Amino acid sequence: MTLSLHGFAASNYYNKSKIALLEAGAVFTEHSVFPSQVDKAASPLRKVPYLVTEQGAVCESQVIVEYVAQAHPGSGLYPADPFEAAKVRELCAFLDTHLELVARRLYPEALFGGEVSDGLKASTHKELVRNLRAFFELARFSPYVAGEHFSAADISAYTHLPMVRMVGKKIYGQDLLGDFDLKAYMARLNTRPAFARTAADAAAGMAAFTAYVQAARAAAAAQR
Ligand SMILES: N[C@@H](CCC(=O)N[C@@H](CS)C(=O)NCC(=O)O)C(=O)O
């Protein structure tokens, strides 16, 4: 089976799918594409990642993780017990939908030199605080997010929690994760080769992403 993952190394969602592929021992190639270069037939919203398989392409990072888990039943991404697996998926949903997607509203200012309104900052703060409280009620971190065993939820936590913390610090001057030891949690996951390789590739890919963002901003400014 030939698989190619499309996206860019600085993307948390790309890295989520990539870590799942690596954890599962899947054989795949990587194709670097930034949003403006996305194949619309593969990802109609022009978002990355998308995975090209022999049967066609599939987009949405969580869908790719599920595909990888089903194609590699021994991957350990989900527990065999249906209820325990549902608890892992519940954590993934909280991390993607209730944390990262909410924090993402502030990326234009936190990451890209733009500005977001005070109103949006205030409403997002309220939502992030409430959603983080709910997430920490579900999360176990003993030592993995779903409990004793590594799971797909650790991949989402690893890729998304640093973004939530970054937004909190940059926009509100506040550590929204409170006394949670994110550094120790990340260090534990970085002992796994899939995570270490992805982190190294992300660091190496940051300059290309910065150049892409700067070129996009310059092109937008020239049009004004
Ligand atoms: N729900 C999507 C989110 C993917 C996403 O937002 N990717 C970003 C990069 S981190 C992107 O492609 N953004 C370009 C855009 O939204 O136009 C997923 O899980 O794959």
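Where does Val 33 lie? Val 33 sits in the loop between E2 and E3, and the legends below start from there. This is a predicted model, in which local features need pLDDT of at least 70 and side-chain atom pairs count only at pLDDT 80 or more, while totals for chains, interfaces and linings use all residues. Residues are numbered from 1 along each chain as its sequence is written.

**View 1. Val 33 in the loop between E2 and E3.** Helices (H or I, at least four residues) and strands (E, at least two) are DSSP runs, numbered from the N terminus. Val 33 has 19 other C-beta atoms within 10 Å and is therefore partly exposed. For reference, a residue is buried if 20 or more other C-beta atoms lie within 10 Å of its own, exposed if 12 or fewer, and partly exposed in between, with C-beta atoms placed from the backbone. Leaving aside residues up to four places away in sequence, Val 33 touches His 6, Gly 7, Phe 8, Val 38 and Val 48. Two residues are in contact if their C-beta atoms, placed from the backbone, lie within 7 Å. Ala 9 is 24 residues from Val 33 in sequence, and the two are 9.3 Å apart in space, C-alpha to C-alpha.

**View 2. The shell around the ligand.** Here you can find Ser 11, Asn 12, Tyr 13, Pro 35, Arg 46, Lys 47, Val 48, Pro 49, Glu 60, Ser 61 and Gln 62 around the ligand. A residue is near a molecule or strand if its C-beta atom, placed from the backbone, lies within 6 Å of it. H1 and H2 each contribute at least two residues to this shell. Sorted by class, the shell holds four nonpolar, four polar and three charged residues. In this scheme Ala, Val, Leu, Ile, Met, Phe, Trp, Tyr, Cys and Pro count as nonpolar, Asp, Glu, Lys and Arg as charged, and the others, Gly among them, as polar.

**View 3. Backbone details at Arg 46, Pro 49 and Glu 60.** Arg 46 is not a glycine, yet has a positive phi of about 60°. Its place is in the loop between E2 and E3, and Arg 46 counts as partly exposed because it has 16 C-beta neighbours inside 10 Å. Pro 49 is found in the loop between strand E2 (29-32) and E3, and a cis peptide bond with omega of about 10° joins Val 48 to Pro 49. Glu 60, also not a glycine, has a positive phi of about 85°. Look for Glu 60 in the loop between E4 and H2; with 18 C-beta neighbours inside 10 Å, Glu 60 counts as partly exposed.

**View 4. The buried face of helix H2.** In H2 (residues 61-71), the buried residues are Ser 61, Gln 62, Ile 64, Val 65, Val 68 and Ala 69. Seen down the axis of H2, they fall within an arc of 155°, so they line one face of the helix. The arc is that of the directions from the helix axis to the C-beta atoms. Their packing partners are helix H1 (12-23), strand E3 (50-53), strand E4 (56-59), helix H3 (82-103) and helix H6 (152-172).

**View 5. H1 crossing H8.** The axes of H1 and helix H8 (residues 193-223) come within 9 Å and cross at roughly 145°. Axes are lines fitted to C-alpha atoms, for helices over the stretch in contact, and angles run from 0 to 180 degrees between N-to-C directions. This crossing of H1 and H8 is right-handed. A crossing is left-handed if the near helix is turned anticlockwise from the far one by less than a right angle, and right-handed if clockwise. Asn 15, Lys 18, Ile 19, Leu 22 and Glu 23 of H1 make the contact with Ala 194, Phe 195, Arg 197, Thr 198 and Ala 202 of H8. Five of the contact residues are nonpolar, two polar and three charged. Thr 198 counts as buried, with 25 C-beta neighbours inside 10 Å.

**View 6. H6 packing with H7.** H6 and helix H7 (residues 182-190) pack at an angle of about 145°, their axes 11 Å apart, and the crossing is left-handed. Asp 154, Tyr 158, Leu 161, Pro 162 and Arg 165 in H6 meet Leu 182, Met 186 and Leu 189 in H7. Six of these residues are nonpolar, none polar and two charged.
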